[in-house]
Amino acid sequence: GEQTAEVVAVPEHARDLARLADICTDAGHDGRIEGDAVHAPAPAEWAPELNRLAMGQGVTLAALTVSRGTLEDAFFAMTETDAHAIVAHPKEPEVVA
């Protein structure tokens with residue numbers, strides 16, 4: 001499958017999450033908030049630029065990582081929870097005597 005990379009940035013202060021997501025989106029990488037981090041589909045090479053952009057906006061990053069996976073991996077990550085919910089407790093077939 002096609003390789004995709006995602007830049008994951010964790011701001012030092014949770015109050016900066018929305019601003020950090022906006023910084024990503026304004027730069028052309030669709031930032032979305034997940035928990036205490038902002039995820040943006042972007043090449044690994046963009047991570048240092050995000051660091052500079054965030055610093056310029058007064059946002060300190062506590063962590064900045066790049067995750068690489070295939071589009072299939074990204075799809076399964078999104079659908080995994082639903083799939084588990086469906087198959088977690090399969091009903092035992094009833095045996096009719």
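View 1. Arg32 is partly exposed, at 35% relative accessible area (partly exposed lies between buried, under 20%, and exposed, over 50%, with a 1.4 Å probe and protein chains only). The N to O distance between the two side chains is 2.9 Å. A salt bridge here means a side-chain nitrogen of Lys or Arg within 4 Å of a carboxyl oxygen of Asp or Glu. Glu6 sits in strand β1 (residues 3-11) and Arg32 in strand β2 (residues 32-34), so the pair ties together parts 26 residues apart in sequence. Strands (E, at least two residues) and helices (H or I, at least four) are DSSP runs, numbered from the N terminus.

This is a predicted model: local features need pLDDT of at least 70, side-chain atom pairs count only at pLDDT 80 or more, and totals for chains, interfaces and linings use all residues. Residues are numbered from 1 along each chain as its sequence is written, and side-chain values use heavy atoms, leaving out hydrogens and water.

**View 2. Glu6, Arg32 and Glu34 form a network.** Salt bridges link these three residues. The salt-bridge count comes to four.

**View 3. Asp16 pairs with Arg19 in a salt bridge.** Their closest N and O atoms are 3.3 Å apart. Asp16 is buried, at 4% relative accessible area. Arg19 is partly exposed, at 39%.

**View 4. Arg52 and Glu49 form a salt bridge within a helix.** The closest N and O atoms are 3.1 Å apart. Both residues belong to helix α2 (residues 47-56). They are three residues apart, so about one helical turn separates them. Arg52 is exposed, at 52% relative accessibility. Glu49 is partly exposed, at 30%.
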